[in-house]
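Please walk me through this structure in the viewer, one selection after another. I would like to know what to select and what is there.

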Amino acid sequence: MDLSGVGKRYAVALFNAALSEDVLDQVHGDLTSFAKLIVDEPAFRVFLASHRVSSDEKHDLIMTAISERASGLFVKFVLLLINKKRIDEFAKNRFEDILDPFEALYQEHNRILRVNVVTALPMDAELERKTRETIERRTGKSAKIEKHIDPRIIGGMVLIAGGQIIDGSIRSQLAELRQELLEARVN
């Protein structure tokens, strides 16, 4: 059962409700923590995903586990998923069908740009700061940098953000030079 469309509708509804009740940051934290709990605690995920466990038992567990920690809106949201018999499929998928579209909406609303930065060696604090400042200056958004190491790029960096790739790696520059040399005519 493909829930990506359904998950997105639930994410949009939760986002809009959180925005209208002025609890967006708290609900974002609640959703992120809940999804992490489902990933980190397989028994919890199995319990929520089980068709053998009644809605009442799931309801009771949610009330015990998160009602004191999470916002009232988020608790109501999870209970709604239980009542609508959707919690099982979303739990099986580790809540990604709701979390991913909600996260995209949250980042857009807060003008956050997630940038994957790939370097051959770990970035030092100064290079990370300069990279962040450059990205923020050029985009007008707050940059959330996720660092990755890939020694195959030899040097430089590759930036991946918003579906765009900016390849400033030595590897790509060498590949371009190689192609130019292969295409050059010898007189």
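Buried means under 20% relative accessible area, exposed means over 50%, and partly exposed lies in between (1.4 Å probe, protein chains only). The model is predicted: local features need pLDDT of at least 70, side-chain atom pairs count only at pLDDT 80 or more, and totals for chains, interfaces and linings use all residues. Residues are numbered from 1 along each chain as its sequence is written, and side-chain values use heavy atoms, with hydrogens and water left out.

**Stop 1: salt bridges**

A salt bridge here is a side-chain nitrogen of Lys or Arg within 4 Å of a carboxyl oxygen of Asp or Glu. Side chains of opposite charge can pair when their charged atoms come close. The whole structure holds 9 salt bridges.

Select Asp150 and Arg152, which form a salt bridge with their closest N and O atoms 2.9 Å apart. Asp150 counts as buried because its relative accessibility is 17%, whereas Arg152, at 57%, counts as exposed.

Next, select Glu126 and Arg129, whose side chains meet in a salt bridge at 2.4 Å, N to O. Both lie in helix H8 (residues 125-139), 3 residues apart, about one turn of the helix. Helices are DSSP runs (H or I) of at least four residues, numbered from the N terminus. Glu126 is partly exposed at 38% relative accessible area, and Arg129 is partly exposed at 35%.

Then move to helix H6 (residues 87-92), where Glu89 and Lys92 are separated by about one helical turn, because they are 3 residues apart. In their salt bridge the closest N and O atoms are 3.4 Å apart. Glu89 is buried at 18%, while Lys92 is partly exposed at 40%.

**Stop 2: aromatic rings**

Rings of Phe, Tyr and Trp (its six-membered ring) pair if their centres lie within 6.5 Å; planes under 30 degrees apart count as stacked, over 60 as edge-to-face and the rest as tilted. By this rule there are 8 aromatic pairs.

Select Phe15 and Phe102: their ring centres are 5.8 Å apart and their planes stand at 70°, so the pair is edge-to-face. This pair links distant parts of the chain, with Phe15 in helix H1 (residues 4-20) and Phe102 in helix H7 (residues 96-109), 87 residues apart. Both Phe15 and Phe102 are buried.

Now select Phe74 and Phe77, with centres 6.2 Å apart and planes at 35°, so this pair is tilted. Both are buried.

Notes. Helix = DSSP H or I, 4+ residues; strand = E, 2+ residues; numbered from the N terminus.
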